[in-house]
Number of protein chains: 2
Amino acid sequence: MSAVSEVAIRRARRDDIGAIVAMLADDPLGGARERIEDPLPQSYYTAFETLQRDPNIFLVVAEDGEGAVVGCLQLCILPGLSSQGASRGLIEDVRVAKHCRSRGIGEQMVQWAVAEARANGCKLVELLTHHTRVDAQRFYERLGFARSHVGLTLRF
Amino acid sequence: MSAVSEVAIRRARRDDIGAIVAMLADDPLGGARERIEDPLPQSYYTAFETLQRDPNIFLVVAEDGEGAVVGCLQLCILPGLSSQGASRGLIEDVRVAKHCRSRGIGEQMVQWAVAEARANGCKLVELLTHHTRVDAQRFYERLGFARSHVGLTLRF
């Protein structure tokens, strides 16, 4: 691993949307799903406003020392009855900018999310990662996650 | 498969909590996680109040012709930026009472959740199922779900 880059994790703002969508699109799976245009499709802004209003959703970015957005992650706090009424944290859309990988940025973001989930009373953090993302699976196992589940999806 | 039992899917009420927790506990994995006492631990009621206040969370039960609760499922509608700002539906805590299995009740509940997710603008429904629940995985594949992801969990 190269030297670790310390990043600041903060809530995403409207003017981060372009950087976040660029990271989502710069990916073998995401590339086919996103639309990079200038201006970006309105649907991204609408979704941002919706998730920003939801107190259980934390869309955060990692900012490097120069203020550039180099990573993103979304954490949802989900109440539920199982496990004696424990909330769960769901981590989604974890991305690190290509030129900044292997510097511990993903780890800092995921550790932030785990700590935030615990602070919000969660007893469990869960996530789905595509079966082809073998490096991601190894990364999460190194952070203590167990490959305990199968993730099933139905796309419309 | 035995004859199909038609069930009504409706939002869970406070007086359904006992029946739901009994189904969550009546399971090799859930049995170790739940606490069946009379009265039930307050944490279940607190969680119910929290999820009932969240407009993006639908905890539903399946009710048979005699008004008995024979199944449960939780659907969360999760906004996000990826896939052009599409919301996702997350299905959790699907259970059918043991004496009512193989009658199509799980399928009616999951089809309800998929339809509700679509009606709420989702382009994707996702779920995690424990790797040992081979029958559940086959069930979801039969309903059109793909085993596309690995589900990772971190329990505190």
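**Where chain B meets chain A**

Author: Between chain B and chain A, 36 residue pairs are in polar contact, counting pairs with both residues at pLDDT 80 or more. On the side of chain B that touches chain A, strand E6 (residues 146–155) gives the most, with 10 residues. That side divides into 28 nonpolar, 18 polar and 13 charged residues. Keep in mind that this is a predicted model.

Start with the totals. 59 residues of chain B are in contact with 59 residues of chain A. The two chains bury about 5700 Å² between them, and 60% of that lies on carbon and sulfur atoms. In chain B, the residues that lose the most area to chain A are B:Leu81, B:Leu152 and B:Phe156, together 16% of what that side buries.

Strand E5 (residues 122–130) of chain A is joined to E6(B) by 7 bridges, and the two run antiparallel. Within E6(B), B:Leu154 stands opposite A:Val125.

Now move into chain B. Strand E2 (residues 57–63) pairs with E3(B) in the antiparallel sense, over 7 bridges. B:Val60 has B:Leu73 of E3(B) as its bridge partner. E2(B) and E3(B) form a hairpin, with 5 residues between them. In its turn, B:Gly67 has a positive phi of about 85°.

E3(B) then pairs with E4(B), again antiparallel and over 7 bridges. Here B:Leu78 has B:Arg88 of E4(B) as its bridge partner. How enclosed is strand E3 (residues 69–78) of chain B? 10 of its 10 residues are buried, so the strand is largely enclosed by the rest of the structure.

Finish on one residue of strand E4 (residues 87–96) of chain B: B:Ile91. This residue is buried, with a relative accessible area of 2%. B:Leu75 is 16 residues away from B:Ile91 in sequence, yet their C-alpha atoms are 4.6 Å apart in space. Neighbours within four places in sequence aside, B:Ile91 is in contact with B:Leu73, B:Gln74 and B:Leu75, with B:Val110 and B:Ala113, with B:Val125, B:Glu126 and B:Leu127, and with B:Phe145.

Conventions
Residues numbered from 1 in each chain as written. Chains lettered and ligands numbered in written order. Predicted model: local features only at pLDDT ≥ 70, side-chain atom pairs only at ≥ 80, totals over all residues. Heavy atoms only, no water. Contact = heavy atoms within 4.5 Å. Buried area = accessible area lost by both parts, 1.4 Å probe. Polar contact = N/O pair within 3.5 Å; in protein donor to acceptor, adjacent residues only side chain to side chain. Helix = DSSP H or I, 4+ residues; strand = E, 2+ residues; numbered from the N terminus. Nonpolar A, V, L, I, M, F, W, Y, C, P; charged D, E, K, R; others polar. Pairing = 2+ DSSP bridges. Buried < 20%, exposed > 50% of the residue type's maximum accessible area, 1.4 Å probe, protein only.
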